[in-house]
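Subject: A structure for you to explore

Hi there,

Here is the structure I promised to pass on to you. Have a look at it in your viewer first, and then read my notes below.

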Amino acid sequence: MIQVQNLKKSFGSLEVLKDISVNIKPQEVVVVIGPSGSGKSTFLRCINKLESFEEGHIYIDGVDIADKKTNINKVREDVGMVFQQFNLFPHKTVIENIMLSPMKVRKWSEEKARQKGMELLSKVGLGDKADVYPDSLSGGQKQRVAIARALAMEPKVMLFDEPTSALDPEMVGEVLGVMKQLAKEGMTMIVVTHEMGFAREVGDRVLFMDGGYIVEENKPKELFGNPQHERTKAFLSKIL
Amino acid sequence: MDIRFDVIQDYLPYFLQGMGLTIGLSLIGILMGSVMGLFIALGKMTRFKVIQFPFIWYINFFRGTPLFVQILLIHFGVMPIFMSPVNPIASAIVSLSLNAAAYIAEIFRAGIQSIDRGQMEAARSLGMSHVQAMRYVILPQAVKRMIPPLGNEFIVLLKDSSLAAVIAAPELMYWGRAASGATFRVWEPYLTVALIYLVLTLSLTYVLNYVERKLATE
């Protein structure tokens, strides 16, 4: 589904990603953990090219997004993303947020987009919020709308960039619940998070990143129960 | 000091006629300035330095030199290339539009850049092109923030259109000077003209406040 090969990325003279290679299979849920500054968010943002990168290749369904001839907009249609700060469009209602891209990019009829939107809103438990503006929603509700908005494009893979980090503690659960449900339905997911409980319970594989490398990767049980690398041990001892 | 109301009375029809042109000049100026301003702002914000360059210098020139000088240059220098004899109203429209465009471009740029980066990223992550993201996500939000400074520019433009009197475009100030010259009076014509400008700008302020309130509650 996604192949990352020797990915390197710098911000000026600061090398953020030093050499990342990883394969992600269809329907796999990969959780990326690591200390701040380890490059995990940057790694995620390279996958849909919100960040450009200097070296390496990322193949999404066989299409190399490092290739200048690749139409990145086309690739992004199939790669949903959920942000830490939600990034809902404040000038549009909840349902308009969800319908916008299916209508403008996928060229769906308004009717079809609305139907899909309402379906997704009930799925994330917000069927009654279709016509309100994002401003009137709580953080947890906003993030669930953001997930529904990404899903409306019927993506093949979903990227989650610390989706619960900006939430009040009591709202984390409702967002993780939606993500769990999504994983159960077989969505391919890459999740950058600090929620170790989620990683353990939902993840098929956990990547531990530090200093621009993937230091260790394993099944959650193995990685949390029996970390091999010193840096993994040090990190886990601090957070668990 | 005795006030000669008959001077005001005699010239009032001309003042009102001039007021019409003043309103017309500033309306066309703000409209054309907005269209060109958006274009210039987008040009200045491209990633390509070579394309940015002319737009940056357009803004530098029109903001960095007096409108008075621009009007004279355009009326006596540029316009004769295109028409003869030169119509002073046309010169005034061109000068005011070009000048306003430079200021409005900066208003657009500030408005667009004030929108959180995450909005563009979210739109792009949903598969929208840069143009689509601008059109459906960024600009609708930016325009709302641009209304107050744009209104301010409208007021400035309305007053600055009085400079067109110097090339004999028959707007309000032109008739003020004409009345003063013909009657050798100072207070009556100029105070009347000033009062008309004040009424215009205050009305405009009132309308703008209304629009702002309306947008704020939406």
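Let me start inside: the largest nonpolar core has 80 residues, and A:Ile2, A:Leu7, A:Phe43 and A:Ile58 have the most contacts within it. A nonpolar core here is a set of buried Ala, Val, Leu, Ile, Met, Phe, Trp, Tyr and Cys residues joined through side-chain atoms within 4.5 Å. Buried means under 20% relative accessible area, exposed means over 50%, and partly exposed is in between (1.4 Å probe, protein chains only). Helix 6 of chain B (residues 130-160) gives the most to this core, with 12 residues. Apart from this core lies another one, of 50 residues, including A:Trp108 and A:Ala183.

Before going on, please note that this is a predicted model, where local features need pLDDT of at least 70, side-chain atom pairs count only at pLDDT 80 or more, and totals for chains, interfaces and linings use all residues. Residues are numbered from 1 along each chain as its sequence is written, chains are lettered from A and ligands numbered from 1 in the order in which they are written, and side-chain values use heavy atoms, leaving out hydrogens and water.

Now for chain A as a whole. Its secondary structure comes to 9 helices and 10 strands; helices (H or I, at least four residues) and strands (E, at least two) are DSSP runs, numbered from the N terminus. Of the 240 residues in chain A, 56% are buried. The C-alpha atoms fill a box of roughly 55 × 45 × 30 Å along the principal axes. Contact means heavy atoms within 4.5 Å, and among contacts in chain A between residues at least 6 apart in sequence, 65% join residues at least 24 apart.

Which residues does A:Ile2 contact, leaving aside its neighbours within four places in sequence? Among them are A:Val22, A:Ile24, A:Ile47, A:Ile58, A:Val157 and A:Ile190.

Helix 1 of chain A (residues 40-47) is largely enclosed by the rest of the structure, because 7 of its 8 residues are buried. The buried ones include A:Lys40, A:Phe43, A:Arg45 and A:Ile47. Just after this helix, A:Lys49 takes a positive phi of about 60°.

A:His57 is in strand 4 of chain A (residues 55-60). Is A:His57 buried, exposed or partly exposed? A:His57 counts as partly exposed, because its relative accessibility is 33%. Not counting residues up to four places away in sequence, A:His57 touches A:Gln3, A:Val4, A:Gln5, A:Asp64 and A:Ala66. A:His57 and A:Ile47 are 10 residues apart in sequence, and 9.8 Å separates their C-alpha atoms.

Some loops are worth a visit too. A:Phe86, between strand 6 (79-82) and helix 3 (94-104) of chain A, has a phi near 65°, a positive value in a residue other than glycine. A:Phe86 counts as buried, at 11% relative accessibility. A:Lys107 sits in the loop between helix 3 and helix 4 (110-123) of chain A, and its phi is near 60°, also positive in a residue other than glycine. A:Lys107 counts as exposed, at 63% relative accessibility.

Finally, over in chain B, a cis peptide bond joins B:Ser84 and B:Pro85, with omega about 0°. B:Pro85 is in the loop between helix 3 (67-82) and helix 4 (88-113) of chain B.

Enjoy exploring!

Best wishes
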